[in-house]
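Welcome! Try each task before reading on.

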Amino acid sequence: MYQLLTDSACDLPYSVLAAAHVDFVSMHVDIDVQDFIDDLGKTFDVNHFFSEIEAGIMPTTAQVNVGQYVDFFTPYVEAGTPILYVGFSSGLSGSFDSAQQAKQLLLESHPAAEIYLVDSLAASCGQGLMVLDAIAKRDAGLGIAELADWLTTHALKYRLWFTVDDLNYLYHGGRVSRTGAAVGTLLHIKPVMDVDTAGHLRVVRKARSRQRSLEALADETIAALASDPTHQVLISSTKAETAAQFIADRIHATYPQTPVTVYGIGPVIASHTGIGCVAVFSLADSNRE
């Protein structure tokens, strides 16, 4: 048997991972000079976190460093348990590079260790959807090497669509210019974003209203589901439950059989998107471009 691992950027609830026996490493969030551990809701007070954002606090985040990964992997390596880690996109964080360095360090002292690392090239519940698929395939009996290969081969088939309600957070994170944020706010422009083949967030087009941006997210997901409407879809948001439900209803109007689950966006991703972000995640039969 092997151990599935991930990190807190997957935005799946702690209870979901615990029930599936998936362990995770936590990222850190700094709120007004206080350091908090993102443990996927086990102890982290996300409501307090959102209230701080609404009060104007701009949080910062810290990637998982090499030492943390060594500590995270070591108990399994020393026990002789093969591990498969599904990590936050290397295009959005240096954490995956740290995981690779940790792997090399551990192989120096434990050359027989089986350590598989999969770059999800995704964020939030896009990474989480990949983890859920990994759980299902593990439970169906797929071996660790075959599962790592399947995940790597299918990484670019995961579709990730986002929109935000406040452009200032994208400016703060370097995604848009100060002028772009100011003009976009003035004109009520809402970006429609996805993740490219290198795992970077990109603005695909600009909608002239919140409603149109939500419709675009739903329609892009409906198009991706054409090959398999029975595959699950995850929707996540930061205090935008009504918008998330609108997207779910629009998907179900076309594909009533599609299982759709709505989760909250965790503090790591929310630190860069602000309140009102909505994201939709699905699996298609072709790679994103």
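A residue counts as buried when its relative accessible area is under 20%. Keep this cut-off at hand, and bear in mind that the model is predicted.

**Exercise 1. Decide whether serine 271 is buried or exposed, and find where it sits.**

Solution. 
- Step 1: Locate the residue. Serine 271 belongs to helix α11, which covers residues 267–273.
- Step 2: Apply the cut-off. The relative accessibility of serine 271 is 0%, so this residue counts as buried.
- Step 3: Look along the chain. Phenylalanine 44 is 227 residues apart from serine 271, and their C-alpha atoms are separated by 14 Å.

**Exercise 2. Find out which residues phenylalanine 49 is in contact with, leaving aside its neighbours within four places in sequence.**

Solution. 
- Step 1: Phenylalanine 49 lies in helix α2, made of residues 46–54.
- Step 2: With a relative accessible area of 1%, phenylalanine 49 is buried.
- Step 3: List the contacts. Phenylalanine 49 touches Val29, Ile31, Phe44, Pro59, Pro267, Ala270 and Ser271.

**Exercise 3. Work out in what order the 3 strands of the open sheet lie, and what the pairing is.**

Solution. 
- Step 1: Strands of a sheet pair through backbone hydrogen bonds, and they can do so in a parallel or an antiparallel way.
- Step 2: Read the order. The strands of this open sheet follow one another as β4-β3-β5, with antiparallel pairing.
- Step 3: Find the edges. β4 (34–37) and β5 (60–62) each have a single partner strand, so one side of each has no neighbour in the sheet.
- Step 4: Zoom in on one pair. Strand β3, residues 28–31, is joined to β4 by 4 bridges in the antiparallel sense. Here isoleucine 31 is opposite glutamine 34 of β4.
- Step 5: Follow the chain into the loop. Aspartate 32 lies in the loop between β3 and β4, and its phi is near 55°, a positive value in a residue other than glycine.

**Exercise 4. Find which residues of β1 lie on each side, and say whether they are buried or exposed.**

Solution. 
- Step 1: Recall how side chains are arranged. In a regular strand they alternate between the two faces of the sheet.
- Step 2: Sort the residues. Gln3, Leu5 and Asp7 are on one side of β1, Leu4 and Thr6 are on the other, and all are buried.
- Step 3: Find the partners. β1 runs parallel to strand β6 (residues 83–87), with 3 bridges, and parallel to strand β2 (residues 23–25), also with 3 bridges.
- Step 4: Leucine 4 faces leucine 84 in β6, while leucine 5 has aspartate 23 of β2 as its bridge partner.

**Exercise 5. Name the bridge partner of tryptophan 161 in β9, and the residue opposite tryptophan 161 in β13.**

Solution. 
- Step 1: Look at the strand pairs. β8 (residues 158–163) runs antiparallel to strand β13 (residues 278–283), with 6 bridges. β8 also pairs with strand β9 (residues 190–195) in the antiparallel sense, over 2 bridges.
- Step 2: Read off the partners. In β9 the partner is aspartate 194, and in β13 valine 280 stands opposite tryptophan 161.
- Step 3: Check the cover. Tyr158, Leu160 and Phe162 point one way from β8, Arg159, Trp161 and Thr163 point the other way, and all are buried.

**Exercise 6. Describe how α5 and α6 cross.**

Solution. 
- Step 1: Take the geometry. The axes of α5 and helix α6 (residues 144–154) come within 11 Å and cross at roughly 150°.
- Step 2: Classify the angle. Angles over 145 degrees count as roughly antiparallel, so α5 is roughly antiparallel to α6.
- Step 3: The crossing of α5 and α6 is right-handed.
- Step 4: Name the contact residues. Met130, Asp133, Ala134, Lys137 and Arg138 of α5 meet Leu147, Trp150 and Leu151 of α6.
- Step 5: The contact of α5 with α6 has 5 nonpolar, no polar and 3 charged residues.

Conventions
Residues are numbered from 1 along each chain as its sequence is written. This is a predicted model: local features need pLDDT of at least 70, side-chain atom pairs count only at pLDDT 80 or more; totals for chains, interfaces and linings use all residues. Side-chain values use heavy atoms; hydrogens and water are left out. Two strands pair if DSSP finds at least two bridges between them. Axes are lines fitted to C-alpha atoms, for helices over the stretch in contact, and angles run from 0 to 180 degrees between N-to-C directions. Angles under 35 degrees count as roughly parallel, over 145 as roughly antiparallel, 65 to 115 as roughly perpendicular and the rest as oblique. A crossing is left-handed if the near helix is turned anticlockwise from the far one by less than a right angle, and right-handed if clockwise. Contact means heavy atoms within 4.5 Å. Ala, Val, Leu, Ile, Met, Phe, Trp, Tyr, Cys and Pro count as nonpolar, Asp, Glu, Lys and Arg as charged, and the others, Gly among them, as polar. Buried means under 20% relative accessible area, exposed over 50%, partly exposed in between (1.4 Å probe, protein chains only).
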